[in-house]
Amino acid sequence: MWAIHADAGRKIIAGAFPLLKPQNLLKPKKKKHGGLEGPLALLGSLEVRLACSKKEIRKAQRLRFKVFFRKGGAIPDAKAAITRRDADRFDKFCDHLIVIDHAARNRFGKIKPKVVGAYRLLRGDVAEKKGGFYSAGEYDVAPLLVRHGGARFLELGRSCVLEQYRGKRTIELLWRGILAYVRHHRIDAMIGCASLEGANPLAHAAALSFLAHHARADEDWRVSARRELHVPMEMLAKEAVDPRKAMSALPPLIKGYLRCGAKFGDGAVVDRKFNTTDVFVIMRVAEIDARYLDHFGPAEARDAA
């Protein structure tokens, strides 16, 4: 059998394709982020940054599949079941915020960096060119965008963290990354769907009623669920809701949004594919509690070991 030395092979390729550099033939194109390349924040062995290649986006999709489908009870379609990735058309033009553990080990005990947390980010200017926001499939977002035509919106979605990393450190890194992105793109408001586990809204009567009575967005910023999907959130009277118990029943993600000053839209939506009950979140950057802005601070100024 013929054998070709590696150097000889490179020379042959260079001769056949003089405009191509052999060392770059197998290098994937890296996505540019206009000044947001590299780490947005570091915390011990954890790093948060924007995915810069298709390979990293696929890793985020595999994490989402594991969290949503293998652990969360979502129902995969045939493609997702085969590829073991949660992917849709929005992934191609969204930015993907990822948390990487550089001290993670594979099954053989060797250190192999791993994506352990992710968020999908979709700016309003991009959504306008690509057919709208993901959340518009459940909520009537258009009137909000018309009322605030000059505002810069950012949709947050597909939030997930590997089970063993669901602590303060990973969540803090994700928020540092989000706020760095918000500052860089001068975002005015963040929007998106947040989920309660399970497709039975009645099981979340107290939590949904609490959000409706105590955290409803002002009318000028309110978004309503699409008419055919709308599930009333005020299942219990205001006086029948124990705010402390209702708050404790909320998922950590929604609790975090509330602490930052988020408000919620009108109506819940049942997402049977993901086995969730969704609510719409509106978070005006100008109204985010200053304590959180100070705590997460400018990402470039923080590097906690």
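This is a predicted model: local features need pLDDT of at least 70, side-chain atom pairs count only at pLDDT 80 or more; totals for chains, interfaces and linings use all residues.

Reader: Where does R186 lie?

Author: R186 lies in the loop between α6 and β7. Its phi is near 50 degrees, a positive value in a residue other than glycine. Most residues other than glycine have a negative phi.

Reader: Which strands does the chain connect by way of α6?

Author: Strand β6 (residues 153-161) and strand β7 (residues 189-197) run parallel and are joined by three bridges. From β6 the chain crosses through helix α6 (residues 168-184) to β7, and this β-α-β crossover is right-handed.

Reader: Which other strands pair with β11?

Author: Strand β9 (residues 263-264) pairs with β11 in the antiparallel sense over two bridges. There, F264 has V281 as its bridge partner in β11. β10 also runs antiparallel to β11, with three bridges joining them. In that pairing V270 stands opposite T277 in β11.

Reader: What sits between β10 and β11?

Author: The hairpin of β10 and β11 has four residues between the strands, and N275 takes a positive phi near 55 degrees in this hairpin. N275 is not a glycine, and its place is the loop between β10 (269-271) and β11. With a relative accessible area of 25%, N275 is partly exposed.

Reader: How many of β11's residues are buried?

Author: Eight of the nine, so β11 is mostly covered, with "buried" meaning under 20% relative accessible area.

Reader: Switching topic: how much space lies in the largest pocket?

Author: About 1400 Å³ of space lies in the largest pocket. There are 48 residues lining that pocket, and the closest to its centre are S159, C160, S195, P251 and L253. Elements that give two or more residues to the lining include β6, α6, β7 and β11, along with α2 (54-71) and α9 (252-260).

Reader: What classes of residue are in that lining?

Author: The lining of the largest pocket has 24 nonpolar, eleven polar and 13 charged residues.

Reader: How about cavities, how many are there of 30 Å³ or more?

Author: The structure holds one cavity of 30 Å³ or more. About 50 Å³ of space lies in the largest cavity. Its lining is made up of L156, M190, I191, G192, C193, Y257, V281 and M283. The elements giving two or more residues to this lining are β7 and β11, and the largest share, four residues, comes from β7.

Reader: How do the residues of that cavity lining divide by class?

Author: Seven are nonpolar, one is polar and none is charged.

Reader: Last topic, aromatics! How many aromatic pairs does the count come to?

Author: The count comes to eight aromatic pairs. In one of them, F90 and Y134 have ring centres 5.5 Å apart and planes at 80 degrees, so the pair is edge-to-face. F90 sits in the loop between α3 (78-83) and β3 (95-101), and Y134 in the loop between α4 (124-130) and β5 (139-140), which puts them 44 residues apart. F90 counts as buried at 9% relative accessibility, whereas Y134 is partly exposed at 28%.

Reader: Why is the pair of Y139 and F280 called tilted?

Author: Their ring centres are 5.1 Å apart and their planes lie at 45 degrees, so the pair is tilted. Y139 lies in strand β5 and F280 in strand β11, so this pair ties together parts that are 141 residues apart in sequence. Y139 is buried, with a relative accessible area of 0%, and F280 counts as buried at 0% too.

Reader: Which residues do ring pairs link into a cluster?

Author: That cluster is made of F65, F68, F69 and F274.

Definitions and conventions
Residues are numbered from 1 along each chain as its sequence is written. Side-chain values use heavy atoms; hydrogens and water are left out. Two strands pair if DSSP finds at least two bridges between them. A crossover is right-handed if, with the strands pointing away from the viewer, the path from the first strand over the helix to the second runs clockwise. On a 1 Å grid over the protein atoms alone, a cavity is a set of points where a 1.4 Å probe fits but cannot get out, and a pocket is an open set with protein on both sides within 12 Å along at least five of seven lines; lining residues have an atom within 4 Å of a point. Grid points are joined across faces, edges and corners, and a volume is the space filled by probe spheres set on the points. Ala, Val, Leu, Ile, Met, Phe, Trp, Tyr, Cys and Pro count as nonpolar, Asp, Glu, Lys and Arg as charged, and the others, Gly among them, as polar. Rings of Phe, Tyr and Trp (its six-membered ring) pair if their centres lie within 6.5 Å; planes under 30 degrees apart count as stacked, over 60 as edge-to-face and the rest as tilted. Buried means under 20% relative accessible area, exposed over 50%, partly exposed in between (1.4 Å probe, protein chains only).
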